[in-house]
Structures are given as C-alpha cells and as structure tokens.
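Please walk me through this structure, from its overall layout down to single residues. I am new to it and would like a plain account.

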Amino acid sequence: MRAFLAAKERFAVRLRPDDVLAALPTQDRSVELDAVVKALGSLVEWGNLRADPDTARVTAVEDFYRKRFIHQLTQAGEAAEEALSAYDEALGRRGALQAVALHDIVSQLRALLVLAAEEAPDPAKTHLALDALPTPRPSRPCTPSMRLASGGRGAGRGWPAGS
C-alpha cells in the first residue's frame, strides 16, 4: 500500500505488479512476482485497490488473453492507510504495540468478557469499558479520510471535537 501512496505523491496513480515489486525495500525484493500479484488481488477483494485490465503491454494474441491488471488506490484504501499511519504515529513505532497499551487492551477486553457473560449486561458499564479501550490520537487535525476510516465518528474516539 505504501508503494501506491509514494506513487501518488509522484502523480503516478496506477501501478503494475512489477512496479510494486520494484518499490519494495531491498530486503523484501526476494519475493516472487506471483506473491505480489496474489497480495494485490487480496487488496482488490478488500476494496483497498481497484484493478483494471492492462492491455498496454500486449504484443501477441496470447498476451491479450492472459490476465494482467493495473492497480489503483481507492478512496477507502487511502483512508485505511492514513488511519494506520496515524495509529503508528500515535504509538511511536511501526508495527509494535507499547506494553502499556497492550496491558490496557487486555484489561478492558477481560472486563467486556465479564459483562458479556451476564444475562442482562449494564449498557452504561459496557459503554464505559468500550470507551476506555486505547485509541490512536493523531497529533494533526482530523481529515475527512481519517473520519471515513473511523466509521464517520468525530469526537469521542480520539479525534478532535468538531471534525
């Protein structure tokens, strides 16, 4: 997904699988092109990318019938990547939860399990337990795509009020 964001900054909105492979960090370039194609297919299924038939490199009839796609970042994909970037920024390091945040999450999930086991859980207690779950708090103002990624919620879940 970062390859698409980097390409967008260079005003290149569509990428082929070999472009994505070339954009990978050097340590990850040992990945086969088929694995990149499969990963791009998953991102298309999830709605993060749009795939259009790629007929630009067709030189023979056989090439025309072979499935080739050129991919473009969707609005939902861009919003998801922005939300992940904001979360990573809030935690301070990519891909790793801080121990304190992880402890808070476990504690609140245990409290929710206790509430879920009750025959008639108290809505106020449930709301408080859900609201106490740690959320990313972006240091920059909330953008429309961040609001979209958060399900349209503005204030109350870590986003600035009035956004």
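Which residues does Leu15 touch, not counting residues up to four places away in sequence? The structure is a predicted model, and in this model Leu15 touches Ala3, Phe4, Ala7, Val20, Ile70 and His71. Leu15 also belongs to the largest nonpolar core, which has 11 residues in all. In soluble globular proteins, nonpolar side chains tend to be buried together.

The overall layout comes next. The protein chain holds eight helices and three strands. Along the sequence they follow the pattern α-β-α-α-β-α-β-α-α-α-α. The chain has 163 residues, and 26% of them count as buried. Among contacts between residues at least 6 apart in sequence, 49% join residues at least 24 apart.

The largest pocket has a volume of about 380 Å³. Its lining consists of 16 residues, and Pro17, Val37, Lys67, Arg68 and Phe69 are the ones nearest its centre. H2, H3 and strand S3 (69-73) each supply at least two residues of this lining, and the largest share, five residues, comes from H3. By type, the lining of the largest pocket divides into six nonpolar, two polar and eight charged residues.

The second largest pocket holds about 310 Å³ of space. It is lined by 17 residues, of which Met1, Arg2, Ala3, Val20 and Leu24 lie nearest its centre. Here H1, H2 and H3 each supply at least two lining residues, and H3 gives the most, with six residues. The lining of the second largest pocket divides into 14 nonpolar residues, one polar and two charged.

One of the residues nearest the centre of the largest pocket is Arg68. Arg68 lies in the loop between helix H4 (61-65) and S3. Its relative accessible area is 28%, so Arg68 counts as partly exposed. Arg68 and Ala56 are 12 residues apart in sequence, and their C-alpha atoms are 9.7 Å apart in space.

Arg68 is also touched by Asp52, a residue of strand S2 (residues 49-53). Is Asp52 buried or exposed? Asp52 counts as buried because its relative accessibility is 17%, and the cut-off for buried is under 20%. The side chains of Asp52 and Arg50 are joined by a polar contact of 2.9 Å. Not counting residues up to four places away in sequence, Asp52 touches Arg14, Arg68, Phe69 and Ile70.

Phe11 is found in the loop between H1 and strand S1 (14-15). With a relative accessibility of 77%, Phe11 counts as exposed, because the cut-off for exposed is over 50%. The phi of Phe11 is near 65°, a positive value in a residue other than glycine. Most residues other than glycine have a negative phi.

Asp104 is placed in helix H6 (residues 99-117). At 32% relative accessibility, Asp104 counts as partly exposed. Between Asp104 and Ala132 there are 28 residues of separation in sequence, while the distance in space is 8.4 Å, C-alpha to C-alpha.

Leu133 is found in the loop between helix H7 (123-131) and helix H8 (144-149). Its relative accessibility is 19%, so Leu133 counts as buried. Leu133 and Leu102 are 31 residues apart in sequence and 9.9 Å apart in space, C-alpha to C-alpha.

Conventions: Residues are numbered from 1 along each chain as its sequence is written. This is a predicted model: local features need pLDDT of at least 70, side-chain atom pairs count only at pLDDT 80 or more; totals for chains, interfaces and linings use all residues. Side-chain values use heavy atoms; hydrogens and water are left out. A nonpolar core is a set of buried Ala, Val, Leu, Ile, Met, Phe, Trp, Tyr and Cys residues joined through side-chain atoms within 4.5 Å. Buried means under 20% relative accessible area, exposed over 50%, partly exposed in between (1.4 Å probe, protein chains only). Contact means heavy atoms within 4.5 Å. On a 1 Å grid over the protein atoms alone, a cavity is a set of points where a 1.4 Å probe fits but cannot get out, and a pocket is an open set with protein on both sides within 12 Å along at least five of seven lines; lining residues have an atom within 4 Å of a point. Grid points are joined across faces, edges and corners, and a volume is the space filled by probe spheres set on the points. Helices (H or I, at least four residues) and strands (E, at least two) are DSSP runs, numbered from the N terminus. Ala, Val, Leu, Ile, Met, Phe, Trp, Tyr, Cys and Pro count as nonpolar, Asp, Glu, Lys and Arg as charged, and the others, Gly among them, as polar. A polar contact is a pair of N or O atoms within 3.5 Å; within protein, one must be able to donate a hydrogen and the other to accept it, and residues adjacent in sequence count only if both atoms are side-chain atoms.
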